Amino acid sequence: MPTALADRPAARTAAGPSARPPRRWPGRAGWALAVGVPLLFLTAFFVWPVLEIVGRGFLTDGRLDLGGFGDVFARPRTWRVVGQTLAQAALGTAGAVLLGIPGAYLLYRCRFRGRGALRAFVTVPFVLPTVVVGVAFRSLLVDGGLLGGLGLDGTFAAIVLALVFFNYAVVVRTVGGMWERLDPRAEQAARALGASPWRVLRTVTLPALGPAIASAASLVFLFCATAFGTVLVLGGRRYGTVETEIWIQTTQFLDLRAAAVLSVVQLVVVVGALAFAGRARARTERALTLGVPSVTAHPVRLRDPLDAVAVVVTVVTAGGLLALPLLNLVIRSLRTPRGWGLDNYAALGVPQDTLAVSAWQAAGTSVRTAVDATLIALVVGGLVALVVSRRPRTPSARRAVAGLDALFMLPLGVSAVTVGFGFLVSMDAPLGLPVDLRASPVLVAVAQAVVAVPLVVRTVLPVLRAIDPRQREVAATLGAAPGRVLRTVDLAVALRAVGLALGFAFAVSLGEFGATSFLARPQEPTLPVVIFRLLGRPGAENYGAALAASVLLAALTAGVVAVCERLRRPGIGGAW
Amino acid sequence: MATPSPRRSPDVRRAALGAATCAALLTLTACSATGGATPDATPGGAGSVTLVTHESFALSEGLLEQFEEDSGLDVQVVQQADSGALVNQLVLTKDAPLGDLVYGIDNAFASRALDEGVVVASELTAPAATDAAAYAVPGDDAGALTAIDFGDVCLNVDTAWFAEQGVPEPTTLDSLLDPAYRDLVVVPDPVTSSPGLAFLLASVGAFGEEGWVDYWAGLRDNGLKVADGWTEAYYTDFTAGGGDGPRPVVVSYASSPPFTVPEGGDAPTTRALLDTCFRQVEYAGVLAGAANPEGAARLLDFLLSDEVQADVPASMYMYPVSSAVELPDDWTRWAPLADAPFDVAPADIATHRERWLTQWSDTVIG
């Protein structure tokens with residue numbers, strides 16, 4: 001895209017001899033704090049616990065022992081598991097991208113009634129806990145289920161479909177966010193010169209979207225490669241991945257050596273995907289600057305072949321892949337031993353016979369924990385985004401900033417069980433302090449925040465980067481103090497993205513189950529935990545109540561996303 | 001100009017308003033977990049005792065509160081994953097124990113807990129302590145682990161399904177090899193599920209070191225389905241679990257049938273096959289290095305008290321070890337125990353568990 005190729009003004013002004021005012025950093029102390037606080041957080045609650053537990057696997061009697069690598073790689077199963085992980089992730093990514101691109105077009109380049117609701121709806125799967133999705137998905141696919149005839153239950157295909165189900169939204173949002181900002185003039189010019197719509201798509205639009213697509217693809221690859229519950233519930237150990245293998249070796253066999261080796265293997269895969277994502281994103285974020293805040297959407301025209309294809313693909317995907325399992329969940333939640341009714345929902349109000357809390361109370365706990373997690377994630381993620389959005393002049397400082405960005409993405413790719421077990425062995429006296437955090441509700445919020453921080457960074461950062469540095473310079477020249485520059489320029493522009501980040505961090509924390517399920521918990525369980533416990537008991541009432549609680553969780557999530565969705569349009573938003 | 005002046009943009013104002021509303025809502029919803037509830041900051045302190053247990057721990061409302069009132073102790077409950085993972089977590093945290101008392105170590109993992117020294121013996125005064133002694137882990141002469149409850153993991157069949165289809169119900173482990181039961185059985189994976197492991201042990205007890213692998217190869221060839229956990233097997237694959245699955249034979253508990261009494265009906269629609277069972281015993285023990293070992297011992301006594309023992313069937317779906325309490329009516333009618341469950345010595349389990357699981361995986365999962 002020609003406009004995107006124009007150079008970054010920042011680079012020019014910085015290098016050029018222009019009458020640039022002297023830099024006015026808000027003081028070294030301020031930036032040190034902005035870097036220090038997130039680093040301290042990540043070190044204390046991620047790097048240190050992970051090193052503690054992985055370290056145990058590599059230390060024998062206090063000496064470093066890397067013999068585990070030889071042993072683990074000598075097992076044929078290891079190679080099969082690594083191969084399966086890569087195959088599942090690759091296919092899941094391909095599916096999400098192929099289906100997601102038409103979805104991105106329809107939801108961000110076209111206008112129609114209910115678009116906002118549809119955008120919120122496609123996001124729900126991304127934040128549903130796997131326990132729920134397992135029930136919803138498998139009961140469709142099992143013999144005698146609505147789609148039982150397809151023979152998909154327990155197959156590789158079922159896992160890939162579920163991975164697409166979870167990650168479709170990532171592609172739609174990342175690519176869509178970019179697409180709606182894309183300057184339509186290049187496409188119009190190509191059309192005017194006689195190119196067919198397909199040719200324009202192939203030669204103009206898709207190349208321009210390339211970085212966004214690559215960025216989304218690597219994120220999805222990351223999520224797919226580290227999928228855990230989905231794989232176990234839908235495929236069992238037959239289709240084990242590196243992640244499920246780490247879980248089994250750690251929790252069931254206490255083979256920390258094998259788990260540590262596998263963690264390193266996973267880290268290598270993850271860092272590879274992140275490096276790819278980082279490069280792709282760098283290009284996305286540079287191109288963004290010149291995008292015209294969009295008024296690019298047009299009403300859906302079914303006669304236009306592009307629109308028609310987008311509508312068909314999206315209807316099939318949203319209706320078949322996304323809606324069917326969710327609808328199945330709702331329908332089943334309405335079924336009671338006495339026929340159809342709301343009994344299961346009524347049961348949510350009373351403490352389940354053996355759970356001391358009702359589902360509503362648990363939902364309250366979930367919301368409160370999510371508030372904590374969101375606040376932590378916003379502060380930490382916001383600071384990271386702020387620091388990373390700056391482009392220091394020295395190459396070494398630039399590399400440091402890029403490194404910081406990558407570092408905070410790692411929690412998305414490191415096994416939840418590694419982090420959870422790391423917490424167990426390191427949080428009895430965090431940073432040497434005499435506080436046992438392991439049974440504290442604070443740690444649950446912290447664990448959720450660790451997961452949400454990368455999403456906050458990815459949402460806020462592109463917007464901060466899109467701010468023309470000259471605006472800050474102008475403000476500074478006019479005498480604004482550094483803090484004031486931050487407030488009037490950065491914060492004002494980033495506010496909508498912050499709102500969006502808040503929504504996603506909140507929704508992700510609400511449904512988070514993986515990390516918290518490994519943590520010590522006090523008496524107050526969260527909603528996903530209550531669902532899990534209800535499903536762990538026999539009896540139609542428990543089953544029904546679990547389904548109703550799942551619908552409640554899905555509705556809460558969709559509601560939060562929908563509210564934040566309204567903050568988003570029509571201008572710049574995040575690109576995760 | 002890439003970005004309009006922030007001051008004048010209505011979008012920004014709306015966004016600011018939205019974000020502020022969102023934040024305000026969040027704050028109003030009830031502050032936060034830490035702000036809302038104020039948990040005891042010093043679990044394990046003088047007046048408090050921390051119980052470390054598995055996901056399935058539950059007592060009827062008020063019981064634990066009554067104990068707190070009577071004893072003056074403040075009880076914290078820390079719930080970890082399932083029983084296998086629980087023991088491993090305790091081993092990992094031996095130097096800084098997660099609490100004072102553990103409940104929920106079962107006989108498949110008891111030897112590991114004893115070998116690793118995560119529990120120590122304590123003085124018990126509850127009358128049911130003598131009943132509990134009957135379930136002591138062989139070799140645990142000091143009595144570091146105290147049995148609290150037990151249950152039989154057995155095949156459950158959907159009697160209604162078999163009656164409808166006119167097929168006779170299977171009765172023994174062997175009968176599942178009959179082609180008549182092809183594609184009818186679902187079991188939870190023993191590596192990822194504790195009832196799954198218990199059923200694997202039943203087969204080891206029944207067919208011995210020599211025969212159990214062949215038995216599973218036969219099951220596999222007869223269309224066995226393996227689910228990830230009990231939940232998936234019972235709710236999704238089993239015909240009578242509520243999920244309308246396709247398979248009428250499932251691994252569950254001898255105490256599951258009372259839960260399948262239909263609304264208004266007077267008999268369950270499922271039955272446990274009592275010749276296919278393995279007895280799971282759940283133990284509690286004071287953790288080595290506990291901050292409050294006396295409090296832990298009192299809590300342990302409380303778990304053996306008549307109140308808790310009588311509550312065990314309804315809240316944890318297990319049978320109490322105490323002979324002094326009465327079972328619920330529907331249990332005496334529809335949840336009888338196996339006369340002679342299959343048995344494998346805990347020491348044998350401890351030595352061979354990993355190898356058995358690997359062999360099982362190689363045979364059944366491939």
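Ser509(A) is placed in helix α21 of chain A, which spans residues 482–511. The model is predicted. Ser509(A) has a relative accessibility of 2%, so the residue counts as buried. Leaving aside residues up to four places away in sequence, Ser509(A) touches Ala370(A), Ala373(A), Thr374(A) and Gln448(A).

A surface feature of chain A comes next. Leu59(A), Leu64(A) and Leu66(A) make a nonpolar surface patch. The patch covers about 300 Å². Leu64(A) belongs to strand β2, residues 63–64 of chain A. Its relative accessible area is 61%, so Leu64(A) is exposed.

Chain B was also examined as a whole. Its secondary structure comprises 13 helices and eleven strands. The chain has 366 residues, and 58% of them are buried. Among contacts in chain B with a separation of 6 or more, 76% are between residues 24 or more positions apart.

Aromatic rings were then considered. A pair of aromatic rings is described by the distance of the centres and the angle of the planes. Over all chains, the structure holds 26 aromatic pairs. One of them is formed by Phe156(A) and Tyr239(A), with ring centres 5.9 Å apart. Their planes stand at 50°, so this pair is tilted. Phe156(A) lies in helix α8 of chain A, residues 156–179. Tyr239(A) lies in the loop between α11 (229–235) and α12 (242–252) of chain A. The two residues are 83 residues apart in sequence, so the pair ties together separate parts of the chain. Phe156(A) counts as partly exposed because its relative accessibility is 24%. Tyr239(A), at 17% relative accessibility, counts as buried.

Another aromatic pair involves Tyr543(A) and Tyr235(B). This pair is stacked. The centres are 4.4 Å apart, and the angle between the planes is 25°. Tyr543(A) lies in helix α23 of chain A, residues 540–566, and Tyr235(B) in helix α9 of chain B, residues 230–237, so the pair joins two chains. Both Tyr543(A) and Tyr235(B) are buried. The two tyrosines also belong to one aromatic cluster, together with Trp230(B), Tyr234(B) and Phe238(B).

A ring in chain A also meets a charge. The charged end of Arg119(A) sits over the ring of Tyr108(A). The distance to the ring centre is 3.9 Å.

Charged pairs complete the picture. Side chains of opposite charge can pair when their charged atoms come close. The structure holds 18 salt bridges over all chains. In one of them, the side chains of Arg75(A) and Asp255(A) meet at 3.6 Å, N to O. This pair links distant parts of the chain, 180 residues apart. Arg75(A) lies in the loop between α4 (67–74) and α5 (76–109) of chain A. Asp255(A) lies in the loop between α12 and α13 (256–288) of chain A. Arg75(A) has a relative accessible area of 33%, so this residue is partly exposed. Asp255(A) also counts as partly exposed, at 24% relative accessibility.

In chain B, Lys94(B) forms a salt bridge with Glu116(B). The closest N and O atoms are 3.5 Å apart. This pair, too, links distant parts of the chain, 22 residues apart. Lys94(B) lies in the loop between α4 (83–92) and β3 (101–106) of chain B. Glu116(B) lies in the loop between α5 (110–115) and β4 (119–120) of chain B. Lys94(B) counts as partly exposed, with 35% relative accessibility. Glu116(B) is partly exposed, with a relative accessible area of 33%.

Another salt bridge in chain B connects the side chains of Arg353(B) and Glu354(B), at 3.6 Å, N to O. Arg353(B) has a relative accessible area of 4%, so it is buried. Glu354(B), at 29%, is partly exposed. Elsewhere, Arg138(A), Asp153(A), Lys225(B) and Asp237(B) are joined into one network by salt bridges that share partners.

How values were computed
Residues are numbered from 1 along each chain as its sequence is written. Chains are lettered from A and ligands numbered from 1 in the order in which they are written. This is a predicted model: local features need pLDDT of at least 70, side-chain atom pairs count only at pLDDT 80 or more; totals for chains, interfaces and linings use all residues. Side-chain values use heavy atoms; hydrogens and water are left out. Rings of Phe, Tyr and Trp (its six-membered ring) pair if their centres lie within 6.5 Å; planes under 30 degrees apart count as stacked, over 60 as edge-to-face and the rest as tilted. Helices (H or I, at least four residues) and strands (E, at least two) are DSSP runs, numbered from the N terminus. Buried means under 20% relative accessible area, exposed over 50%, partly exposed in between (1.4 Å probe, protein chains only). A charge sits over a ring if NZ of Lys or CZ of Arg is within 6 Å of the ring centre and within 35 degrees of the ring normal. Contact means heavy atoms within 4.5 Å. Patches are made of residues with over 30% relative accessible area and no salt bridge: like charges are joined within 9 Å, nonpolar side chains (Val, Leu, Ile, Met, Phe, Trp, Tyr) within 5 Å. Accessible areas come from the Shrake-Rupley method with a 1.4 Å probe; for residues, only the protein chains shown count as cover. A salt bridge is a side-chain nitrogen of Lys or Arg within 4 Å of a carboxyl oxygen of Asp or Glu.
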